[in-house]
Amino acid sequence: MADMSVQRLKPADPSRTLKVIGAGYSRTATVSFTMALQILLKGPVCHSGTASVAREEAFIKDLIKIMNLNPSEPSAAEITKKVLAKQLAGYVGVTDCPCILFSGELAEIYPESIVICTTRDPEKWWASLQETAKTVLNPWLVVVFQSMPSLRYFGKWVEALRHRHAVVYNNGEWYECGPDHLEKHYAYLKSVIPKDRLFFFSVKDGWEPLCKILDLPIPDEPFPFANDKEAVKVFVAKLAKQALMRWVALFAGVGGLAASAFWLWRK
């Protein structure tokens, strides 16, 4: 089974480059797909949603920077590609938001890579996305996360994601998503990725079609089906607990200093 703990770390060998750009929208089994790619490609695959809050602050800050860029700015494309190349150095694959919103740019940076979009039934996808949004976009998390490195930028990351979303799908204007958004995403991919490099894949079909796309042998182990919805809840709960413990330690430390100062004053 692939190890998702790699999302916390920079890849050990920065000379490795992307072989697969996972362009499937969030909640299309991107965690399972990430784990499958790590097995097949024998290297670290960046699940960019997880890495945004798990890696060092430079990672999330750089992604916020390029998501907020206006594509009409003369240097926007150059800055975007430079940041993506720097932050994804050493990975053999990348998946999930926000990097799926830069699929065209990534395809240009890595011309030998192929783009695989994971798919799902639109109605089931939309129901799952809405449920996950209730967990991830809870306003209190922005406050709680202020005590944590990287996570303190979560609110700005969400706002930047909304900006990039509008740029990619609606000419810079925000619009309300629905089950039909997956079709918009597929249309976006078809507009920026050459036809011979773009593939669509459902994880429910297992190893065979994926290995055929990659021209790799089928592994001698089960396809890694992860419960993405439950994984998100557990991951967010764990981060929130860590953040709350930091607040407790912070207030305890401040309280201790105040008590010491008062005791010295009384003397």
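# Reading a predicted model: sheet, helix and charged pairs

Modeller: Five strands make up an open sheet with parallel pairing, in the order 2-3-1-4-5. Strands are DSSP runs of E with at least two residues, helices are runs of H or I with at least four residues, and both are numbered from the N terminus. Two strands pair if DSSP finds at least two bridges between them.

Biologist: Which strands stand at the edges of the sheet?

Modeller: Strand 2 (45-47) and strand 5 (198-201) are at the edges; each has a single partner strand, so one side of each lacks a neighbour in the sheet. From one strand to the next the twist averages 20°; axes here are lines fitted to C-alpha atoms (for helices over the stretch in contact), and angles run from 0 to 180 degrees between N-to-C directions. Strand 1 and strand 4 (residues 114-118) run parallel and are joined by three bridges. Within strand 4, Ile114 stands opposite Val20.

Biologist: How many residues does helix 1 have, and what distance does it reach?

Modeller: The expected span of a helix is 1.5 Å times one less than its number of residues. Helix 1 (residues 30-41) has twelve residues and reaches 16 Å from its first C-alpha to its last, close to the expected 16 Å.

Biologist: Is helix 1 enclosed or exposed?

Modeller: A residue is called buried under 20% relative accessible area, exposed over 50%, and partly exposed in between (1.4 Å probe, protein chains only). Twelve of the twelve residues of helix 1 are buried, so the helix is largely enclosed by the rest of the structure. Among them are Phe33, Met35 and Leu37.

Biologist: What backbone features flank this helix?

Modeller: Ala29, in the loop between strand 1 (20-22) and helix 1, has a phi near 65°, a positive value in a residue other than glycine. Ala29 is buried, at 17% relative accessibility. Helix 1 is followed by Lys42, whose phi is also positive, near 55°.

Biologist: How many salt bridges does a search of the whole structure find?

Modeller: Side chains of opposite charge can pair when their charged atoms come close. A salt bridge is a side-chain nitrogen of Lys or Arg within 4 Å of a carboxyl oxygen of Asp or Glu. The search finds six. In one of them, Glu57 and Arg152 meet at 2.6 Å, N to O. Glu57 lies in helix 3 (residues 57-67) and Arg152 in the loop between helix 7 (139-144) and helix 8 (154-170), so the pair ties together parts 95 residues apart in sequence. Glu57 is buried at 18% relative accessible area, while Arg152 is partly exposed at 38%.

Biologist: Which residue forms a salt bridge with Glu108?

Modeller: Lys81 does, with the closest N and O atoms 2.3 Å apart. Glu108 is in helix 5 (residues 103-109) and Lys81 in helix 4 (residues 76-87), so this pair ties together parts 27 residues apart in sequence. Glu108 is exposed at 53%, and Lys81 is partly exposed at 28%.

Biologist: Which residue pairs with Glu105?

Modeller: Glu105 forms a salt bridge with Arg164, the closest N and O atoms being 3.1 Å apart. The pair links helix 5 to helix 8 across 59 residues. Arg164 is buried, at 8% relative accessibility.

How values were computed. Residues are numbered from 1 along each chain as its sequence is written. This is a predicted model: local features need pLDDT of at least 70, side-chain atom pairs count only at pLDDT 80 or more; totals for chains, interfaces and linings use all residues. Side-chain values use heavy atoms; hydrogens and water are left out.
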